[in-house]
Amino acid sequence: MRSSVPRLVIAAPSSGSGKTTVATGLMAAFASRGLAVSPHKVGPDYIDPGYHALATGRVGRNLDAYLCGAELIGPLFAHGAHGCDLAVVEGVMGLYDGAAGEGELASTAHVAKLLRAPVVLVVDASSQSRSVAALVHGFASWDPEVRVAGVILNKVGSDRHEAMLREALDASGVPVLGVLRRAPQVDTPSRHLGLVPVAERRSEAEAAVAAMAAQVSDGCDLDALMALARSAGALPGAAWDAAGAVASPTHDHPTRPDGTRAPVVAVAGGEAFTFSYAEHTELLTAAGAEVVTFDPLRDEQLPEGTGGLVIGGGFPEVYAPELSANEPLRKAVAELAFGGAPVAAECAGLLYLARELDGRPMCGVIDAVARMHERLTLGYRDAVAVSDSALAPAGTRMRGHEFHRTVVEPGAGAAPAWGVRAPERRVEGFVQRGVHASYLHTHWASEPGVARRFVERCLTS
């Protein structure tokens, strides 16, 4: 099968140039025309896809060549974009910025080449005029395999400023496809880990996305952008498929030994736990689980029949008082974990399972204390499973990502979850009974056996 969905990659010379505003605005503007728009984000970011989903009505999906491998970028894209009229891919950082020390790996440029997609460069023009031509020329000519096919000028101050920028770019050979004025109403608030997620400010987020759509519709040539998207080359190969990924010769769709229905896997959601990859739920479902979302801020019990628990990332540090006050749920989580049921916890999930967070009681499943810290821990990690767990046997290699301003003391249990090579060699995380708790965010599409093993453990625990 060949994927020929029209597509654009929205990139920038650096962070802070306006990629999210332009990408989200384009998604919403095209969706308002009645098009089915597939939203994507380069890299591990969980927050921007929430705004993308709000703009399009479709789940936002990540394309991360470090976490998943370059070979999965095309198939994962085709899976997400199936049946759509257009795909918009928001880049990460600057166009050519990738994993530290890994060359182009996981950069926006790398993903654009893998997708055979044209790039639209968003330039913050607020403090330049003629120099914009040199900047665009440099980015367009740096890698001849990257097709920088258009420019959108952001934060333009006046008609005169716009005229100067257009005149400078006339000789560059890269057309100006949009000009956006400064517009504070499209700004979204940030805090210690970036933008505030949609789930925490839905009405305000809806208004911001509507403002982005209006600004982009007024300032950009949508017809020219759509024509450019249609120039993307077809992608060979099959789309990623969760059922095919988890299938094994002896075990396709597990059921309980007594033949009753598939196990319930409870997945934490709500405002405090907003970080997740859509493919995780799809893999769990394909492996035979019934996935049910619950909200640790409001639900006092786990979903009926819960046989396994997944607690992903988010902001428990922001909601520590409310999470602590929900004592019935904390006790239910502890009871499930101490009973040996499989529990997978990443980052925020690790904090929630700890004895306390910033002095407030949490679930007490892990004998550790968590607290906020002034230092940001951020970066990709190469990891190997140190201990056998409900997720993976010891020796399993996976790539992950850390992103937090908290610390957990101690940082590892008697049976650590992962051994990490960089930035320093260390072990981290906790494996005990059925619990696997760690700071490391992983993308299960890179190792679908994780989902299959987890569901199998739900059947036998």
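Student: At what angle do helix H5 and helix H6 pack?
Tutor: Bear in mind that this is a predicted model. Helix H5 (residues 131-142) packs against helix H6 (residues 159-169) at an angle of about 45 degrees, and their axes are 8 Å apart. That angle makes H5 oblique to H6. The crossing of this pair is right-handed.

Student: Which residues of H5 and H6 make the contact?
Tutor: On the H5 side look for Val132, Ala133 and Val136; on the H6 side, for Leu165, Ala168 and Leu169. By class, the contact of H5 with H6 has 6 nonpolar residues, with no polar and no charged ones.

Student: Let me try another pair. How are helix H1 and helix H2 arranged, at what angle and how far apart are their axes?
Tutor: H1 (residues 19-32) and H2 (residues 48-56) pack at about 20 degrees, with their axes 8 Å apart. An angle under 35 degrees counts as roughly parallel, so H1 is roughly parallel to H2. Their crossing is right-handed.

Student: And which residues meet there, H1 with H2?
Tutor: From H1 come Thr20, Thr24, Met27, Ala28 and Ala31, and they meet Asp48, Tyr51, His52, Ala55 and Thr56 of H2. This contact divides into 5 nonpolar, 4 polar and 1 charged residues.

Student: How do strands pair in general, and which strands does E2 join through bridges?
Tutor: Strands of a sheet pair through backbone hydrogen bonds, either parallel or antiparallel. E2 and E4 run parallel and are joined by 5 bridges, and Ser38 stands opposite Ala87 in E4. E2 and E3 also run parallel, joined by 3 bridges. There, His40 stands opposite Arg61 in E3.

Student: What is the strand order in the open sheet of 6 strands?
Tutor: The order is E11-E10-E12-E13-E21-E20, and the pairing is mixed. Strand E11 (290-294) and strand E20 (430-432) stand at the edges with a single partner strand each, so one side of each has no neighbour in the sheet. From one strand to the next, the twist averages 15 degrees.

Student: How many bridges join E10 to E11, and which way do the strands run?
Tutor: E10 (residues 264-268) is joined to E11 by 5 bridges, and the two run parallel. One place to look is Val265, whose bridge partner in E11 is Val291.

Student: Last one: which strands does helix H14 lie across?
Tutor: H14 (residues 449-460) lies across E10, strand E12 (306-311) and strand E13 (343-346). Relative to E12, H14 runs at about 145 degrees.

Notes:
Residues are numbered from 1 along each chain as its sequence is written. This is a predicted model: local features need pLDDT of at least 70, side-chain atom pairs count only at pLDDT 80 or more; totals for chains, interfaces and linings use all residues. Side-chain values use heavy atoms; hydrogens and water are left out. Axes are lines fitted to C-alpha atoms, for helices over the stretch in contact, and angles run from 0 to 180 degrees between N-to-C directions. Helices (H or I, at least four residues) and strands (E, at least two) are DSSP runs, numbered from the N terminus. Angles under 35 degrees count as roughly parallel, over 145 as roughly antiparallel, 65 to 115 as roughly perpendicular and the rest as oblique. A crossing is left-handed if the near helix is turned anticlockwise from the far one by less than a right angle, and right-handed if clockwise. Contact means heavy atoms within 4.5 Å. Ala, Val, Leu, Ile, Met, Phe, Trp, Tyr, Cys and Pro count as nonpolar, Asp, Glu, Lys and Arg as charged, and the others, Gly among them, as polar. Two strands pair if DSSP finds at least two bridges between them.
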